[in-house]
Amino acid sequence: MDIEPFIRYLKIERSFSAHTVTAYSGDLIQFRDYASTTYGMTDVQSLTRDQIRSWIVELMDADINAASIARKISSLNSYLRFRIRQGELKKNPAFGLTLPKKSKRLPKFVPESGMNGLLDGIAFADDYHGDRDKMIIELFYFTGMREAELMGLKKSDIDVYNQQVKVTGKRNKERLIPVTQVFAEQLKGFIERSDQQEVQDNEYLFVTDTGKKLYPKFVYNLVNRYLSQVAGVTQKSPHILRHSFATHMLNRGADINAIKTILGHTSLAATQVYTHNTIEKLKDIHKQAHPRG
């Protein structure tokens, strides 16, 4: 199984990076060694679909994850298509192979103790900017809204009397998110203080230090700065606070359909990913508490 012409093709004609070429080469050498050792294969013309399937099984038995297996089969697929274009192979035995399903990556979240420590234990500056920073963190965590939704909030979107916040989500769909009476009053107080600020975009609930509408990097840096003070938190983006809201609510018994509505998900499947974290927590509790755990 000669792979050198294909590697030259990737380098010269496709101008692939050295890293990508190395990955392709490594995958193909691994398959060539397997096929040669297991089936005595010397050239690709004798390659069969069952031999490729057996390699997939071998990789699975070696605990290679589904994403890595998919990449290796993709490398082999590209090589076989190249040999077909060169007129050296009539059909691709790897075409349409069923691959192991990629496991869904569970959303990361900040533990409740971490969020309590952040909101109750970390000192925010005793001025408008400190109030704004804390209110941004709290709105993310108390409502689960998206970054773009928070940046677009206007003061008129806050309904203190009905204790709800109107957000404009994806595809300009509006939804109402309930908040507690205490937090509604805090929002009212913040709006009153911000009205005293001489800012350029005064209609928006939050503005930057220079008085302009929020932008993604500003919000990310703000959240990252405060989450960096929480021990054990590896991901520090605004979206982590959305994940934390959903996970903590479900852990405390909230109805999943209610969380779906609050988050603005169009499909329940998008919300159900958070139940896996809840199940993992239950497993840990069971393991610690059960006499035979």
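In what order do the 3 strands of the open sheet come, and is their pairing parallel or antiparallel? The order is S1-S2-S3, and the pairing is antiparallel; strands here are DSSP runs of E, at least two residues long, and helices are runs of H or I of at least four, both numbered from the N terminus. Two strands count as paired if DSSP finds at least two bridges between them.

A quick note before you click on: this is a predicted model, where local features need pLDDT of at least 70 and side-chain atom pairs count only at pLDDT 80 or more, while totals for chains, interfaces and linings use all residues. Residues are numbered from 1 along each chain as its sequence is written, and side-chain values use heavy atoms, leaving out hydrogens and water.

Back to the sheet: select 164–168, strand S2, which is joined to S3 by 5 bridges. Val-167 has Arg-175 in S3 as its bridge partner.

Next, pick helix H9, residues 216–227. Phe-218, Val-219, Leu-222, Val-223, Tyr-226 and Leu-227 are buried there (under 20% relative accessible area; exposed is over 50%, partly exposed in between, with a 1.4 Å probe and protein chains only). The buried residues of H9 pack against helices H5, H6, H7 and H10, contact meaning heavy atoms within 4.5 Å.

Last stop: the rings. There are 14 aromatic pairs, counted when centres of Phe, Tyr or Trp rings (the six-membered one for Trp) lie within 6.5 Å; planes under 30 degrees apart are stacked, over 60 edge-to-face, the rest tilted. Show Phe-6, Tyr-9, Phe-16, Tyr-24, Tyr-79 and Phe-82, a cluster linked by ring pairs.

Technical notes: Expected span 1.5 Å × (residues − 1).
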